[in-house]
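Good morning, colleagues. Please look at the model on the screen while I take you through a loop, the nonpolar cores and a pair of helices.

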Amino acid sequence: MRVHAVFEGGGVRGIALAGAVRAAEMFGVSFDRVAGTSSGSIVAALIAAGYSAEEMKAIIEATPFASFLHRAPLFNVRVVGPALRLFLFNGLYSGDELERWVRDLLAAKGVRTFGDLPRGKLRIIASDITNERLLVLPDDIEKYGTDPEKFPVARAIRMSACIPYFFDPVPLRVKGEADVPGKTAWIVDGALLSNFPLWLFDKEMENERERTPVIGFRMVGRAEAKTHDIRGPVTMLQALVETMLHAHDERYIERHNQMRTIQIPTLGVGTTEFNLSPEKSLELYVSGLKAGIAFFRKWPETAGQVAQIQDMAVQVAQIQEAGERGGDESRMMAEDRAAKIASGNGDSVAPDSRPAPSIRFASRRDSRPQ
């Protein structure tokens, strides 16, 4: 069964999306065209490049997400450092590590630009705050004088995932006789204008004879209630951005969209909790897996396949709990078993599973300003 898929943004909570993708694979669902915003654009791009959910889980386990929060030591000086960087670059962190990570993952599958993918396979949402425009990449990049086929996928993802004031905004140079004024447009997180673009493929399929189903992957559940300690402009901006992004979790979804949306609990994890523990990462993955199984058990196109997987989520949850009760060795064993069970191979490793590509992160000793 082929579907179009739309993945919502949610920062580091996007780990849960990979679990829901695994559930889709278990029910024989494959992805025709994919789209996403922010962290949802990362999952969409990995799917478009040919990554399986099992490979994505291996990547999650191997990635120290805190490494994305890299900046020069100068800007780590308490209070003064972050404020200075924010003043100079309009962001607390550069975002270079995030883009490099995505670029290396895609390159491992032979994907660098949108021209390396089938036309229309991947759509990414970003926000042009200079011209007050919602961007659907790669198509809209042509308005800025750039060939969509030659635009790097990793750069588009960085634009889409550029949380305002957290990561630096991305400058987009306007070339030649473009349809936008000025020489430079500043691009930030697509969540500002459309965090869950479920409408995207609906418009494109209006003239299709046989409409391909569109399924949304959405993260729900606010982070645990907390108060923000406002001590100055930096902490105030952080509080404003977090409040803005969390507001997306509470918006209303029309009834007809609810019927085609997998709603994934995010277990109180915040958008910018990049220091997430391995245990919490596993919990998010399992949450997505369970939500996906629950959805596809009832979805008319896949409801007939319930028998062979209906107890899968319970088994994975039990293994997760066993790992939480034990130490590091128990946790590692639990993660390994959870991955095997989720792959549908019991105690044997999936035959087509491959280790995550080796990813290089910038050295902490790198002294150049970022």
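I begin with L193, which lies in the loop between β8 (184–189) and α7 (200–204). Helices here are DSSP runs of H or I with at least four residues, strands are E runs of at least two, and both are numbered from the N terminus. This is a predicted model, in which local features need pLDDT of at least 70, side-chain atom pairs count only at pLDDT 80 or more, and totals for chains, interfaces and linings use all residues. Residues are numbered from 1 along each chain as its sequence is written, and side-chain values use heavy atoms, with hydrogens and water left out.

Leaving aside residues up to four places away in sequence, L193 touches S127, R133 and L134, where contact means heavy atoms within 4.5 Å. Between L193 and I129, 64 residues apart in sequence, the C-alpha to C-alpha separation is 9.9 Å.

I turn to the cores. A nonpolar core is a set of buried Ala, Val, Leu, Ile, Met, Phe, Trp, Tyr and Cys residues joined through side-chain atoms within 4.5 Å. The largest has 83 residues, and F7, F31, L122, V153, F217 and F296 touch the most other members. Its largest share, nine residues, comes from α1. A second, separate core of nine residues includes I125, V136, L200 and V214.

Finally, helix α1 (residues 15–26) passes helix α10 (residues 278–298).

Terms used: Axes fitted to C-alpha atoms, helices over the stretch in contact; angles between N-to-C directions. Buried < 20%, exposed > 50% of the residue type's maximum accessible area, 1.4 Å probe, protein only.
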